Amino acid sequence: MARMKFLCDAERCIECNACTTACKNEHEVPWGMQRRRLVTVNDGEPGEKSLSVSCMHCTDAPCIAVCPVSCIYQTDTGIVLHDKTICIGCGYCFYACPFGAPQFPRSSNFGTRGKMDKCTFCAGGPETDGSEAEFGKYGRNRVAEGKLPLCAEVCSTRALLGGDGDVVADIYKERVIRRGYGSGAWGWSTAYYGPTHDS
Amino acid sequence: MLRAVAMAVTAALVVLLVYTVYLGTISSDLILPTNGVIGKTTPDDAAGGGAGQQALRARTDLQRWRAVSGPSANQPDPKADIMGNPGTEARPPDPATITGPDGRSLVRGWLSRQQGQSGILQEPRRVQGRTSLPGPVKGVFVQPQGRLWRSTHNGPIVFGGAFYLIGVAALLAAFLSVRGRVPIKDGFSGQTVTRFSAFERANHWMSAVSFVLLGLTGLVLLYGKPLIRPWLGADRFGNLAEGSMWLHMALIAPFTLGLMTMLATWTWQNLPTRLDFEWLRQGGGFIRDDQPNPPAERFNAGQKLIFWAVILGGLTLVASGLAMMFPFQWGGYGSMQLAQSIHAIVALLMIGVIFGHIYIGTVGMVGAFDAMWSGQVDRNWAKEHHSRWYNRLTAPGDGAGSRPEERRRSA
């Protein structure tokens, strides 16, 4: 069984922002929200690294655990999706999310949050796959077309890998051996093997 | 009769309390894949079953070293078998084709691969960088303490809060079944004095109604998922929760106004005095009937404690609530998580305190409810529970303006 994961190779990412731009364009993400973003650590210092980050589709996802209306769910391929008809925009998922993935439009009363929006691994939402309704709420459903997330497929340096977690990890390990160095799979321990409550 | 009912309620609450403890100890709180919103029947599997997963895996292989794996012009793109599964409105997917192993074994399988990845995993730690994208906290790459907030919220706060609220209710019911209602020792005199003005009462009830609604709408968010959602269904509970959140935020206006008015009108009467320690030492005279109640001014020590709990708790709730209404205006992740936890904990504590307040103001004490409802209390009640205040009120020659007409009305 395939388990979908993202991995950003920090040695390869050049902070070109193609992933964030492609994502915004593909899914027509509204103004002010970024499903994917680029973070540069140690900017301007030795050891500077750029990392592309969005929802990592965690195992034992904290957002699902804290959602007071259970609008977030996970598929058997590990993709974390949500139902915007049920979401109330409370923001709990944002406090719980290790990666700052949930985004909120300013549309509710008193200028606060509307319904949550986040990376869907290009897999849409609960509506019929590929339908207008699904596109309007969650953007393109590439997974249903047998394609992988656009951010990973568009990456010019192949820094951002997305797809089956075992294959992605293999690709990264091969690279590390060839290159002789690598700073590791950023965020993986928190996302996929984080402390769980099922001992 | 009343005591028998109270005893039955106590027993029921104790059973509930034990059940809460049991639930708290068995709660594993592990998230399992469901392929759809819990409670909805339609599965949602974009990958499209086994064939789709194979296609996705094959496509992942294309991301290998280009010299090794590079896409070939002669080969068509790997694609999922679209006809195989995802389905349409008219022809929904066959659930049988997409139910693989159950969620728990799937998650176990995912977690078990940690060993193989140990070479590339990093120590979980907070990573802060900078980003060119606008918005607060966008520069944080990862904050593993989100998982800590989650386990605190779903563990100690949810189960501790339930334990505390049920426990307070059980204690009050037990007290009622043992003590009964606190009586007026000399009985009703039939004559009344004014205890609270119309303005004070209006403000009290505005605050009370908004507090009760705030409490109920807040509890919908905290306990609705396990308690209400199974009955209402996912969609209707979503609407209820959305309405609750809207009302919860709208009520901040009357609640804050009520708090401020109380602060302005009652603070000087609620400053602690030596009398209060004596009152507390004697348990307020609630426990036994055979000795006179300790003397008290207009507000006794118990009421002063309620007052300060409401003022300090209420202001904390307003502050932490505003922090959540305008997220990340006053801090980062830590502040937001702290604000939410403080809000939940203080709110639960205050609901318990208000349980006690409602109890003693209604069923717990004969004659107490009139004080806030009609504003007129029986003279014997006033004499017994607020002797100093009553004496000052009825003392001849007291210059206060409203007093003579009161006497005339009650006489």
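**Notebook: chains A and B**

I began with A:Arg158, which is partly exposed, with 17 other C-beta atoms within 10 Å. The cut-offs I used: a residue is buried if 20 or more other C-beta atoms lie within 10 Å of its own, exposed if 12 or fewer, and partly exposed in between, with C-beta atoms placed from the backbone. The model is predicted, so I noted that local features need pLDDT of at least 70 and side-chain atom pairs count only at pLDDT 80 or more, while totals for chains, interfaces and linings use all residues. For bookkeeping, residues are numbered from 1 along each chain as its sequence is written, and chains are lettered from A and ligands numbered from 1 in the order in which they are written.

**Backbone entries**

A:Arg158 sits in the loop between α5 (150-154) and β6 of chain A. Its phi is positive, about 55°, although A:Arg158 is not a glycine. Most residues other than glycine have a negative phi. I found a second case at A:Ser70, with phi near 55°. A:Ser70 belongs to the loop between α2 and β4 of chain A. Is A:Ser70 buried or exposed? I counted 23 other C-beta atoms within 10 Å, so A:Ser70 is buried.

**Chain A**

I looked up the make-up of chain A: 7 helices and 6 strands. (Helices, H or I of at least four residues, and strands, E of at least two, are DSSP runs numbered from the N terminus.) Along the sequence the order is β-α-β-β-α-β-β-α-α-α-β-α-α. Chain A has a radius of gyration of 17 Å, close to the 16 Å that the globule rule gives for 199 residues, so it is as compact as a globular protein of that length. (The radius is taken over C-alpha atoms, and the rule is 2.2 Å times the number of residues to the power 0.38.) Along the principal axes, the C-alpha atoms of chain A fill a box of roughly 50 × 40 × 35 Å. Buried residues account for 64% of the 199 in chain A.

**Chain B**

For chain B I noted 17 helices and 4 strands. Of its 411 residues, 30% are buried. Taking contacts in chain B between residues at least 6 apart in sequence, 72% join residues at least 24 apart. (A contact means C-beta atoms, placed from the backbone, within 7 Å.)

(Ala, Val, Leu, Ile, Met, Phe, Trp, Tyr, Cys and Pro count as nonpolar, Asp, Glu, Lys and Arg as charged, and the others, Gly among them, as polar.)

**A helix pair in chain B**

I checked α7 (residues 198-227) and α10 (residues 252-266) of chain B: their axes come within 9 Å and cross at roughly 140°. That makes α7(B) oblique to α10(B). (Axes are lines fitted to C-alpha atoms, for helices over the stretch in contact, and angles run from 0 to 180 degrees between N-to-C directions; under 35 degrees is roughly parallel, over 145 roughly antiparallel, 65 to 115 roughly perpendicular and the rest oblique.) Among the residues making the contact are B:Met206 and B:Phe211 of α7(B), and B:Phe255 and B:Leu259 of α10(B). The contact of α7(B) with α10(B) has 7 nonpolar, 6 polar and 1 charged residues.

How values were computed: Contact = placed C-beta atoms within 7 Å.
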